[in-house]
Every structure is written in structure tokens, then in C-alpha cells.
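Hi,

Here is the model I said I would pass on.

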Amino acid sequence: MRCYKLSTNVQTAEAKKTTGQHPKDNPQEEFKLILKEAVDILGYSEEVYDFLKEPMRFLEVNIPVKMDNGQTQVFKGYRAQHNDANGPTKGGIRFHPDVTADEVKALAGWMSLKCGITGLPYGGAKGGIICEPRSMSMNELERLSRGYVRAVSQLVGPTKDIPAPDMYTNSQIMAWMLDEYDHIREFDSPGFITGKPLVLGGSEGRETATSKGVLYTLQMVSELKGMPLEGMKVIVQGFGNVGGYLAYYLHELGVKVVGISDALGAIYDPEGLNIPDLLSRRDSYGIVTAQFENVITNEALIEQECDVLIPAAVGGVITTENADRLKCKFVVEAANGPTTRDAIQMLDERGVLVVPDILANSGGVIVSYFEWCQNNQGYYWTKELVEERLKEKIHASFLNVQNTAEQFGINMKTAAYVEGIRKIAEASGLRGWINLN
Ligand SMILES: NC(=O)C1=CN([C@@H]2O[C@H](COP(=O)(O)OP(=O)(O)OC[C@H]3O[C@@H](n4cnc5c(N)ncnc54)[C@H](O)[C@@H]3O)[C@@H](O)[C@H]2O)C=CC1
Ligand SMILES: O=C(O)CCC(=O)C(=O)O
């Protein structure tokens, strides 16, 4: 633990600029590219691609929020519902300054695929609001969260479209959104939203579900490749809900977490970082690097020596511009859309396995589904039961995607699309919406 030390001139996280890298490519175009490949591999008609390339519904809203200074600020928000052939749509809500309509559309498409791969009775959706939550007060965030629910209330609901947390949203925001929805509908509907606090009908294990799912995936990779996790060197980009818990579990298992990062920078130490100490210093937005000297950039972190690179923050961080310089053996995508299609091809050629986001980070929506089932039953499960069932689903989905990759001689990303699309297309075909052939 040599390379990082506490800064003597700590600049507060709030005082620093927050946005970091911007996705180099349009995520919706990325989604369409691999979708087309997968549709062709399955031998489906052009109709299937035309139907699935865009969300079935897309709502753009303007949310007026009374700020603490008395002035009204208008925030732009989105909700995309990609496909509801398999059941109600499902997906998180992101609060981030870089949110775009195309990003939300792609994220909704990826949710459909995730639900397809894991066999959940849902289609995909996603929401987003363009905002900088770290510069807003709790009261302003509450008014924004409630305003968003009022704006999209006609479109969402426990049997229509069920939101959840994503970047910069958490269980408190889910609680405000639930409360607003209950006021509008005039009845208690815990199944309207997942990722809630436990006392409001949340599920044991939801907060840690995405990171646990990534961990189970990594364990599958380590078994597959005959490389024990213990002693492995891992870099985790992003130190929030997903990255923070993941770094902790890895550290507990004897993995050397050699690099972590947040929106402001990264720290790297080839000897391994003291993860519990870093977690104890982290603020509620997953920021810790502001307290240290020798901070490197997120771009530089990605190129450091390690066995496994786990992007767990924003999209579009591994592109054709840096894929050649990665020094890892595997990339496990915990974030949504961190690697572009062309970068995956470059990594394939170099023998670097990329475990796709729609498989690796599906733990979040899997346990959200468990939460929704518990809400519908009014009967709550133990954490052990949740984690056992999560592990089963991740294992089965991983093996399925891996078999498909072998069967068609394709990489795991395309195989995951093939598996995801199969379910949505079949359901859409049976409903008479499209002809598959
Ligand atoms: N929370 C969940 O259940 C799920 C999250 N995901 C994905 O995982 C990723 C992370 O989500 P959460 O951990 O929930 O978010 P979070 O808001 O809890 O944490 C985000 C982390 O990323 C850092 N960050 C923000 N901008 C960054 C940048 N430009 N470069 C590097 N780091 C940056 C933040 O400082 C923070 O440490 C997102 O891509 C999200 O869509 C995927 C599935 C489920
Ligand atoms: O928990 C959920 O329903 C969705 C989580 C999510 O937004 C995601 O998997 O990207």
C-alpha cells in the first residue's frame, strides 16, 4: 500500500467538477449494431430488427422544481419502455448530468435483453433525468423525484412499468417516488418500484445484488479459466453501489484490488488497496479520491496492469482508442455499456474475454424481481434465500450464454444479445406483432 497517501489539501468533493469521461460513441447506435448481428445469427426477418431497434414507447418530460433559493428550475427527464411482450417493463432511473435520450433508449433495450437472458417475466425500460444531484440539497432532490413520478405516472405502475435505482439514485429516492405514486393512485402499491428501503417493502439483498451478481459471474470465469480468485489483481472503476460493494467482497475473498476510481479520479497500487479504509472515507456519492494525493485519471486507471478490469461506473469508457492498451486478461462489465462493439472485437482478437454487462450486472434486476414477487405475495424472504436464488439464476444464465457463444462461434456479448432477443422476439411473434421469419 505505497502509492497513495492522504492529501494535505483536501478539496471537498462538492467543490470539484463532477462529470468525467463522456461516452465516445452513441449507446443507442451501439445497441442497434449488435442487435442487427444477433437478429441475423438467429435468422430472423428484418421486421424483428425494425421492431426492436427503438423502444415501443418513449416519454420526454419537463419537470419544474422549486429550488431552495425560491426560483424554479426545469429539469428534462425521460422514460423509455423498450418492449412489453414478456410482461411489464422494468428498469432503473438515472440522475446524471450526461443523461441523453439515446442513452436512455439504449439502456431500456439492454434491460429487455437482461430480462430475456435471466428469464424474468419483464420487458426492459429505463428512466433518466439530466441533473447534477451532488450539487442539489436533499429537499431539492425530493421535489425532483416526486415531480418525475407525477410527470410519468400515466405510463408506470406495478403491472405496467416498474422503476428501480441506477446511477445516483438510491433507496431514499425510491421511497419518495413510492410515496408520490401512492398519493396519486390513492392506494398502497409497494410493487410500483423496487430498490426500496426494507421497512417500505424492500428486499433483503437488493442493495448488494448487482455487486453479488458480478462476483458470481467472476467466480464462473475463474472456474472456467482455471484461475483462482485469491491473489488475482483486479481494478474496479466506480466506487458507488456496484463498485464499492464489489471491491469489498473481492477484498474479503483475498483478491488484490489494485485500483479503484470515482468521478474525480482514480488510485492505483500494485500491492493492493485497503478497501475497508477507502469505503469508510467515501461520501454518499461514491467519492473518495478527493482525499488523496497521487490521484491518476480514470483513463489512466483502465490501462494499468491487472488480471481483471471491472468498469462499474459510466458507459463508453473502453473504445477503439484505448482497447489496444488494456493490460488485463478479462473485462467484466459491471456498468451498462462500458465497452464499444468495435473495442470488444479488438479485445477478442487479443484473447481478452469480455463478460457482457447484460449478463454480469443482471443481479440488480434479478433481485428487483424477487422484491416485486415478495410485494405481490406480502411474504418476505431471508437474505440467504435471496442470495441462493440469485446465484442459481446467474449460474444458469452464464452457462446458457456461454453455450450459445460456443454453438455459434461468437463472443459472449453477441451471444448474450442472441439469448436476450430470442425471448423478446418469440413473445412478440406469438402475440402477432411481428413475423419472425
Ligand atoms: N445500482 C444497480 O443496481 C445497477 C447499476 N448498474 C450500473 O452500474 C453502474 C454504476 O451504478 P451504481 O454503482 O448504482 O451508481 P452509483 O451512483 O452508486 O455510483 C457511481 C460511481 O461511479 C463514479 N463515477 C461517476 N462518474 C464517473 C466517471 N465519469 N468516471 C468514473 N467514475 C465515475 C461515482 O463517483 C461513483 O463512485 C452504472 O453503469 C449503472 O447503470 C447496472 C445494474 C444495476
Ligand atoms: O433493478 C432493476 O429493476 C433495474 C436495474 C437497472 O437499472 C439495471 O440493471 O441497469
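Before the helix packing, one convention: axes are lines fitted to C-alpha atoms, for helices over the stretch in contact, and angles run from 0 to 180 degrees between N-to-C directions. Also keep in mind that this is a predicted model.

With that in hand, take helix 6 (residues 209-225) and helix 12 (residues 363-377), whose axes cross at roughly 125° and come within 7 Å of each other. Helix 6 and helix 12 are therefore oblique to each other, and their crossing is right-handed. On the helix 6 side the contact uses Ala209, Thr210, Lys212, Gly213 and Val214, while helix 12 brings Gly363, Gly364, Ile366 and Val367. Sorted by class, the contact of helix 6 with helix 12 has four nonpolar, four polar and one charged residues.

Helix 6 also lies across strand 11 (308-311), strand 12 (330-332) and strand 13, and it runs at about 155° to strand 12. Those strands belong to an open sheet of six, ordered 9-8-7-11-12-13, with mixed pairing. Strand 9 (265-268) and strand 13 (353-355) are the edges; each has a single partner strand, so one side of each has no neighbour in the sheet. From one strand to the next the twist averages 15°. Further in, strand 7 (residues 233-237) pairs with strand 8 (residues 256-262) in the parallel sense over four bridges.

Helix 1 contributes Ile34, Leu35, Glu37, Ala38, Val39 and Ile41, which meet Lys413, Thr414, Tyr417, Val418 and Ile421 of helix 14. By class, the contact of helix 1 with helix 14 has eight nonpolar, one polar and two charged residues.

Lastly, the domains. The chain is divided into domain 1 (43-191) and domain 2 (209-360), and their centres, taken over C-alpha atoms, are 27 Å apart. How many residues of each are in contact with the other? Eight from domain 1 and six from domain 2. The side of domain 1 that touches domain 2 has six nonpolar, no polar and two charged residues.

Cheers

Technical notes
Residues are numbered from 1 along each chain as its sequence is written. Chains are lettered from A and ligands numbered from 1 in the order in which they are written. This is a predicted model: local features need pLDDT of at least 70, side-chain atom pairs count only at pLDDT 80 or more; totals for chains, interfaces and linings use all residues. Two residues are in contact if their C-beta atoms, placed from the backbone, lie within 7 Å. Helices (H or I, at least four residues) and strands (E, at least two) are DSSP runs, numbered from the N terminus. Ala, Val, Leu, Ile, Met, Phe, Trp, Tyr, Cys and Pro count as nonpolar, Asp, Glu, Lys and Arg as charged, and the others, Gly among them, as polar. Domain bounds come from an automatic or database domain assignment. Two strands pair if DSSP finds at least two bridges between them. Angles under 35 degrees count as roughly parallel, over 145 as roughly antiparallel, 65 to 115 as roughly perpendicular and the rest as oblique. A crossing is left-handed if the near helix is turned anticlockwise from the far one by less than a right angle, and right-handed if clockwise.
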